[in-house]
Amino acid sequence: MEEEWFVVEHGLLDADVNMAVDECLLKWQKEGKMLPTLRFYGWTEPSLSVGQFQSVEQSIDFESVEAYHCQFVRRLTGGSAVLHDDELTYSIVLPEDHQMISSSIKDAYYTLSQGLVKGFEQLGIKVEHATPSDQSASNRSEVCFERPAYYELLAEEKKLSGNAQIRKDGVLLQHGSIPLTLDTTMLFDLFRFPNEEFKNHRRQLFKEKATTINQVNHDEFTYDDVKNALKKGFDEAFDVKLVPYELTKEQWDEVYQLVKFKYGNDNWNFKRNRQEA
């Protein structure tokens, strides 16, 4: 008998709301209120999310963030900064002791990536897993997609999706960014560089290492195209029945409380710098 998972589809939300929903899903999973959950969502405005432990004062150009009308939020997960714009984002939340989840973080990434692999196949995109050397994996960049992490997915030898994972209170949350297109001018304008020449050099190197859905397939895939392909991919990879789920009013109230006191609050979004000051 197929295991049932909830599938939550929101469409476009503000950055602080998106991160609050993911954290609430983790909490509700811990409390036994939700089945394992697969969530798909997008962003109302270009949004820069940074990892929980990432320092931002010296690396992010907040004047450019404001000029681009770009929202800014700190994630619950780690990793580098991600520009979310024309993309589909997914999250998976399930108990850490679920039969498919290994105690090894790398192995868990590999397992959960199989849903993405099958989903990309639905779009006619062949991908392979990144297995960076220990040295390249440890040389972190402030900009996500500049270097692939273990078992992230490459298409035509370029990084196609970025993922981050956290385990908390016996629950695993993984979310990831799948860009349809990417404005690299905006992306690199959001960061501080010593001069324009160096910034342009880094942007050119980035283009050689990262790609997007519509660059790979030369088609105009839409948000819904990619979402529907990934739903089929996760269904096929894990042999689960995806049951549509809509948050209740009480759950949305909890989400917006978390927005008010955390993800919409400078004390969280700029905490790294304030702690170091």
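Two strands count as paired if DSSP finds at least two bridges between them. Strands (E, at least two residues) and helices (H or I, at least four) are DSSP runs, numbered from the N terminus. The model here is predicted, so to speak a computed picture: local features need pLDDT of at least 70, side-chain atom pairs count only at pLDDT 80 or more, and totals for chains, interfaces and linings use all residues. Residues are numbered from 1 along each chain as its sequence is written, and side-chain values use heavy atoms, with hydrogens and water left out.

Let's start with the sheet. Strand β1 (residues 3–13) runs parallel to strand β2 (residues 37–43), and 7 bridges join the two. Within this pair, V7 sits opposite L38 in β2. Both strands belong to an open, mixed sheet of 6 strands, ordered β10-β11-β6-β2-β1-β12. At the edges, β10 (162–168) and β12 (240–244) each pair on one side only.

Next come the helices that lie across these strands. Angles run from 0 to 180 degrees between N-to-C directions, and axes are lines fitted to C-alpha atoms, for helices over the stretch in contact. Helix α1 lies across β1, β2, β6 (87–95), β10 and β11 (171–179), at about 170° to β2. Helix α8 (residues 223–238) lies across β1, β2, β6, β11 and β12, at about 165° to β2.

What about α1 and α9? The axes of α1 (residues 15–30) and α9 (residues 249–263) come within 9 Å and cross at roughly 120°. Residues in contact (heavy atoms within 4.5 Å) include W28 in α1 and W252 in α9.
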